[in-house]
Every structure is written in structure tokens, then in C-alpha cells.
Amino acid sequence: MNALVQPATAAATTLAPSAPARAKVVAENVNVHYGEKHALKNVSVNIPERSVMAFIGPSGCGKSTFLRCINRMNDTIPSARVTGRIEIDDLDIYDKSLDVVQLRARVGMVFQKPNPFPKSVYENVAYGPRIHGMARSKTDLDDIVISSLKRASLWEEVKDRLSDPGTRLSGGQQQRLCIARAIAVGPEVILMDEPCSALDPNAAARIEELIDELRQNFTIIIVTHSIKQAARVSQRTAFFHLGSLVEEGPTEMIFTTPQDRRTQDYITGRFG
Ligand code: ADP
Ligand code: MG
């Protein structure tokens, strides 16, 4: 068991332990241009495994752009050009021979607006394992669907309505369904881009609790515009400003003794 793993019941604000954790994701000098626009500038960071890192910063500072670099979602934006290096467990994810479909199974993504497929609850979760050939029988597939729904803290609420359309669930349930869908293909890293922004406070709190549980098994990177949320859910925080990563460190430190004036101004609400 990794020394970083805290019991799920630990308060979300627990200090990150001082022992250095193994880096799951290593980014070196990552730059992104959209046409002429230099949106991300020389970003280098190590993201420790089995923990939550929050990306914070004013709107337009490049948080989503950097997040999309980590599963090569920027490949889908024609004007985007990415340079630099990103490794996941020593695998260069920009290697020409890399299978991007496999990469996106290893690095799942959850978006701001819950986006279940227009299919049943069951099919939403079963879809990925089926196309990746992960189940040998219907029983196998059922097991994956059930365990994914359980791990996404949704099973009790949907076990009697697995054939209802996913879109008929509440917003918070839909977001947990999207998390179950991501979990179902066995990812190691889960990227979340403002996953609570479209949810009411209670639904958002459920997602935060879930994130705190999931970090036992997954490396989670969450973009949030809520510095309170970053303080509650993350062990490390990275502050971005105008396309640069200004500073990164244990969340407690970023929020109490930031090294850079821009970080201090942001967390005390002077801008952003
Ligand atoms: P954040 O997530 O921090 O709000 P983004 O990563 O979305 O910031 O955007 C960073 C910068 O890149 C912004 O100036 C934004 O306008 C620009 N940008 C983002 N996506 C695109 C795109 N698809 N095409 C052109 N410019 C983009
Ligand atoms: Mg964004």
C-alpha cells in the first residue's frame, strides 16, 4: 500500500505527508499554441500518484488546455499545437507510435457538464469495457458495471433503474454516472474539468466526497475555479496565471504561505 494513501474517512483537508510520492505524470516544458496564440508556456510539473492535484487560476489562464494535454484531447482541436514532453509511468504519451484510444482508457476525463450518452444507465457504463474487449461474458460485463457504479458511489441509487436513460438521472447522479463510465475501463489517471460547476451544493459535496475516496486508487487532477474546493479536495495545488504555472506545492502551503505575489493575490481574492 502506498504511504500516501489516507483512509477514505480522513478529512479532505488532511496535510499531504512529507514523504515524496512517486510521480505518476511528469510534464516538461509543455507549450500549447492555438494558431498564433501562445496559451500555455513552458509548464513543467510532477503529479504524484494516488492523490488529488488541483489546478487553479483566473479564467483563461490555461488550466483546461494543460489538462487536455494529459490525455491528448488537444489532438481534437485543429489549431492546437503541443510541444514539450509528458510521461505517464515513463511512457512518452506524445510518442508517434502511441495508441491514443488506449491512452484515453488509461487517462479518463470528466467534464463540467455531465454528458451521459443517450442510452441506459447500464449501457453508459458498459460501453467502454465492451469496445475495449474487457468482458468475456455477460456476467463479466455485469460485474464491471456493478463495481464501477459502486466505486462511483451511485449503485444504491440506480440498482433498480439500470435500464432507465442515463439522462433521466439528477445532475449529480449524471456526473457520478460519468465518473463510473470513466472508471469502467480501468484508468490510472482521472482528469476532471470543473466537475461540480453545473451542480447544486449538495450534489457538489457528494462529488467532493467521492474524489476523496477515489484517490486511494487513482491519480486525480481537478480543475476548479473554487479555491475553497481546491483546499477541500486536493493534496497539492498548482496555480496558473496567463498561461504559466506560477507555483505548485502542498495545498496547505499554497494557501497559507504562497511564494509568489500573484498566487497570494489570487487566493486572497484580489483578482480572478
Ligand atoms: P482556463 O481553463 O484556465 O479557463 P483555457 O485553457 O480554456 O483556460 O484557455 C487558455 C487560453 O487559450 C485562453 O486565452 C483561451 O481563449 C484560449 N483557448 C482555449 N481553447 C481554445 C481553442 N479551442 N481555440 C483557440 N483558443 C483557445
Ligand atoms: Mg477551463
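Predicted model: local features only at pLDDT ≥ 70, side-chain atom pairs only at ≥ 80, totals over all residues.

Visitor: Okay, how many residues surround ligand 1?

Guide: There are 13 residues around ligand 1. The closest are Lys37, Gly60, Lys63, Ser64 and Thr65.

Visitor: Which helix and which strand each supply at least two residues of that shell?

Guide: Those are strand E2, residues 37–48, and helix H1, residues 63–69. H1 gives the largest share of the shell, with four residues.

Visitor: And how do the shell residues divide into nonpolar, polar and charged?

Guide: Five of the residues around ligand 1 are nonpolar, five are polar and three are charged.

Visitor: What lies 2.8 Å from an oxygen atom of ligand 1?

Guide: That's a polar side-chain atom of serine 64. Lysine 63 also has a polar side-chain atom by a ligand oxygen, at 2.9 Å. With cysteine 61 it's the backbone: an N or O atom there sits 3.2 Å from an oxygen of ligand 1.

Visitor: How much of ligand 1's accessible area does the protein cover?

Guide: The protein covers 66% of the 560 Å² that ligand 1 has on its own.

Visitor: Switching topic: where does asparagine 29 lie?

Guide: Asparagine 29 is in strand E1, which runs over residues 23–34.

Visitor: Why does asparagine 29 count as partly exposed?

Guide: Because its relative accessibility is 44%, and partly exposed covers the range between under 20% for buried and over 50% for exposed.

Visitor: Which residues does asparagine 29 touch?

Guide: Leaving out residues up to four places away in sequence, asparagine 29 touches Asn42, Val43, Ser44, Thr83 and Gly84. Take threonine 83: it is 54 residues from asparagine 29 along the chain, yet their C-alpha atoms are separated by 7.7 Å.

Visitor: One more. Is serine 234 buried or exposed?

Guide: Serine 234 is buried, because its relative accessible area is 2% and the cut-off for buried is under 20%. You'll find serine 234 in the loop between helix H8 (227–233) and strand E9 (236–241).

Visitor: What does the side chain of serine 234 reach at 2.7 Å?

Guide: The backbone oxygen of alanine 230. A polar atom of the serine 234 side chain also lies 3.3 Å from the backbone oxygen of arginine 236.

Visitor: And how many residues apart along the chain are serine 234 and arginine 215?

Guide: They're 19 residues apart, with 9.5 Å between their C-alpha atoms.

Note on methods
Residues numbered from 1 in each chain as written. Chains lettered and ligands numbered in written order. Heavy atoms only, no water. Near = heavy atom within 4 Å. Polar contact = N/O pair within 3.5 Å; in protein donor to acceptor, adjacent residues only side chain to side chain. Areas by Shrake-Rupley, 256 points an atom, 1.4 Å probe, with all protein chains shown as cover. Nonpolar A, V, L, I, M, F, W, Y, C, P; charged D, E, K, R; others polar. Buried < 20%, exposed > 50% of the residue type's maximum accessible area, 1.4 Å probe, protein only. Contact = heavy atoms within 4.5 Å.
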